[in-house]
Amino acid sequence: MTGERIDDYLDGNDLAGPLAELFAVDVTVATGRCASCGLAGPVAMLRVYPHAPGLVARCPGCEEVMLRLVRTPDRAYLDLRGMLTLAIPLPA
Amino acid sequence: MAARDETPSARTLVLDVPDWPGHQAGQHVDVRLTAEDGYTAQRSYSIANAADGGRLELTVQRVPEGEVSEYLTGVYRVGDPVEIRGPVGGWFVWRPAEPDPVLLVGGGSGIVPLMAMIRARKAGGSRVPFRLIYSVRSPEDGYYADELRTRARDDSGLDVAYVYTRRAPRNWPEPPRRVGVAALNTAGWPPELAPLCYVCGPTGFVETVADTLVALGHDPARVRTERFGPTGG
């Protein structure tokens, strides 16, 4: 893990596993709308920074934080205040 | 269970997973290692094979000092148990029922989920035309070289084009270069055909290729990306 550059990021695809622990559906295919700039797109396309003590997902448009997920041994903390709406596809 | 070397620094692990529910091409798993003192490390790895019962293939690129990849490519012995969560991820997937032509653009180890799509295409009997553009540093760095050569010949409707970024094979018609407008125009699809585009590789590679595809006229909603970071150690 040495030599990492802190400005490198992954994407929302990597949230699929951690979020699968919490939700019954795959949230990465849901459309999230940024509370800051209004851009809407799949959660899979967010920019994910795994260097924090948790996962921080930012808007690919304005780079504001849209989702934060911190996992402790017996609890998960999910902060969605940067996410105005989350449209989750469900079978009709 | 088996293991095979793809390149000097990449190894494919063949795992037998009891009760594996099956997977879609492009999905990944999270692999967790736990040390004797309870310390855990977890990384995501794309699944390389098409769904095949309880058989799961992961190709792991060794990242220097990467605490998970160095174990999986070096220390790990066939038969050792590993803890896996998955399959996960529903965005960067291709389903054999999709009717649209497909462009795959892979950089380095970013070929892995794209290879799963190529394998799933054949396994699922899809006739959708596929084009793969594979960017590697040098000829020795390409994964699955023999299989891609065979499939390009035998899998009807699959085209494979290489781009060499540092050193090309002898007599290669062009100097080493990065994937750009020329390669995407020549070896990709015109945007008018509305292909599904899958781009996977390091962050910078993915940004550049996705931006170029959109600039060429491809619908951003049809350009799906997955980034492999150096954090993937």
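**Reading the labels in this model**

A:Leu86 lies in strand β8 (residues 83–87) of chain A; helices (H or I, at least four residues) and strands (E, at least two) are DSSP runs, numbered from the N terminus. This is a predicted model, in which local features need pLDDT of at least 70 and side-chain atom pairs count only at pLDDT 80 or more, while totals for chains, interfaces and linings use all residues. Residues are numbered from 1 along each chain as its sequence is written, chains are lettered from A and ligands numbered from 1 in the order in which they are written, and side-chain values use heavy atoms, leaving out hydrogens and water.

Q: Why is A:Leu86 called partly exposed?
A: Buried means under 20% relative accessible area, exposed over 50%, and partly exposed in between (1.4 Å probe, protein chains only). A:Leu86 has 30%, so it is partly exposed.

Q: What makes A:Thr28 a buried residue?
A: Its relative accessible area is 1%, so A:Thr28 falls under the 20% limit. A:Thr28 is found in the loop between α1 (16–20) and β2 (31–34) of chain A. Contact means heavy atoms within 4.5 Å; leaving aside residues up to four places away in sequence, A:Thr28 touches residues of both chains, including A:Pro42, A:Val43, B:Gly90 and B:Trp91.

Q: What makes the span of helix α5 of chain B agree with expectation?
A: The expected span is 1.5 Å times one less than the number of residues. For the 13 residues of α5 (residues 203–215) that gives 18 Å, and the end C-alpha atoms are 18 Å apart, so the two agree.

Q: Why is α2(B) called mostly covered?
A: Because 11 of its 13 residues are buried, among them B:Ile111, B:Met115 and B:Arg119. After α2(B) comes B:Gly125, with a positive phi near 70°.
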